[in-house]
Amino acid sequence: MNSEQKTLYLIDGMALAYRGHFALFRNPRMSSTGLNTSAIFVFANTLLDIITSKKPTHIAVAFDTPEPTFRHVMYPEYKAQREAMPEELSQALPYIFRLCEGFNIPVLRNPGWEADDVIGTLARQAEADGFVTYMVTPDKDYGQLVSENTYMCKPARSGKGAEILGIPEILEKWGIKRIDQLIDIFGLMGDASDNIPGVPGIGEKTAQKLIAEYDTIENLLSHTDELKGKRQENLVAYAHQARLSRELVTINCEVPMELGLADFVSREVDQAALQQLFQELEFSNLGKKIFGQDFEASPTAAVADVGEGAVTLKTIEDVAHTYSVADTVEKRSEWVERLQQSKQFCFDTETTGLDPRSCELIGLSFAIEPHVAVYVPLPDDRIGVLTILEEFRSVFRDETIAKIGHNLKFDVGFLAAYDIEVGGALYDTMLAASLVVPEMRRTMDYLSAALLGYQPVPITELIGKKGQQQLLLSDVADERVAEYSAEDADVTLQLWLHLE
């Protein structure tokens, strides 16, 4: 491509938002405050990919508006059957608008006109001004706008890259000789999603075949005597409907525009606005791509609108709690007795790694009621560890006491490496969450923020971020590990009580 070539990317905002929302419908992205961020996430990734890999000289996003269009005047039933926008997508739209503002991309919303009309108008203007234009949309209707310098760009999906459709691709796909014949095919077949009637009994394949043979709807309607049976009857009876449908599917390329092509010049992102938005949405990895590896977007930064106010996540500094350390025989004996008298308790193991064959157990924590927990530090030598674990063997083995944990399989497996059997009913909050809130991520920190409105102390505050300088938990002072571990047991117990 000529380095001086002007390239314009026009994005069909609503189509992309819907696609993002439903692309992740089975496993949506949820913020810790319960906001479905699927549409925003896909939208952000698409914008970032266009900006970084395509490097357009000009870019804009067009959205539909709720006002009636000329199509509604022509045909009051136009889009009449369409279901209301999903509430979660409606909640995401303001964030998508903020996303576009953060990327410094103009948002076009022309009352009384649809996004495809706006994009069609700008594409024709751009072609006359020497641009190469890419219309970013999954909507087949845009095929009628494709020309020598105007292309459809269908966003990537299912692991496949974006699909670029020019004149040869459109002609081959629809089996036609000219791009304008696509409008006749759409007119005959109609569009159920937009409530465009078309001609009864004529679907996509039949419409393609008829236009390939008769060239246009008008020529087809003037040769209905050559047809037979129900197809002939319907084309005669619904001739007006065929012509009306062709008008309804035709994209209007003469929308009055307040902004011109010069207003769509690509600009640097608004870093402050975009960083704040990514913090709220908890887009850590996406933020790292733009702002570097130091960017963090933890749930503590997330604020959710609730009614007229706002809810900020609480932390250990905001909630009264009693966390103790059982570092003597007497203190451990007192807790063993309390555990024996409980119907259920939560426990958590602290280890130097994830493999019980090569890593060590450095502590245990227990919780029997919300905001009350204990940490049991373990010595460096295995004999000392086994001696202390022996004090808790009976309560771990007790079949009448239920045990609670998060990813309980790990803790039970680690204790088994020390010959400690865990009996009784086992309740895993990670598995419970997969049943109760399957749309949410499974980490304890995430579930705590989303379900309890509470952000636990992150492990990185104790051992640092990943890298050569990261510590082992055994390198951290006992008092800091004690509060961290006791909080884990406490929060997991609260999660179980919530999920149960």
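**Exercise 1. Determine how the radius of gyration of the protein chain stands against that of a compact globule of 500 residues.**

Step 1. The radius of gyration is taken over C-alpha atoms, and the globule rule is 2.2 Å times the number of residues to the power 0.38.

Step 2. Along the principal axes, the C-alpha atoms fill a box of roughly 100 × 55 × 45 Å.

The model is predicted: local features need pLDDT of at least 70, side-chain atom pairs count only at pLDDT 80 or more, and totals for chains, interfaces and linings use all residues. Residues are numbered from 1 along each chain as its sequence is written, and side-chain values use heavy atoms, without hydrogens and water.

**Exercise 2. State what share of the 500 residues counts as buried.**

Step 1. Buried means under 20% relative accessible area (1.4 Å probe, protein chains only).

Step 2. By this criterion, 48% of the residues are buried.

**Exercise 3. Identify which helix gives the largest share of the lining of the second largest pocket, and describe the residues of that lining.**

Step 1. Helices are DSSP runs (H or I, at least four residues), numbered from the N terminus.

Step 2. Helix 1 gives the largest share, 4 residues; this helix spans 13-23.

Step 3. Other elements that supply at least two residues each include helix 4 (87-102) and helix 5 (115-128).

Step 4. The lining divides into 22 nonpolar, 5 polar and 19 charged residues, with Asp, Glu, Lys and Arg counted as charged, Ala, Val, Leu, Ile, Met, Phe, Trp, Tyr, Cys and Pro as nonpolar, and the others as polar.

Technical notes:
Buried < 20%, exposed > 50% of the residue type's maximum accessible area, 1.4 Å probe, protein only.
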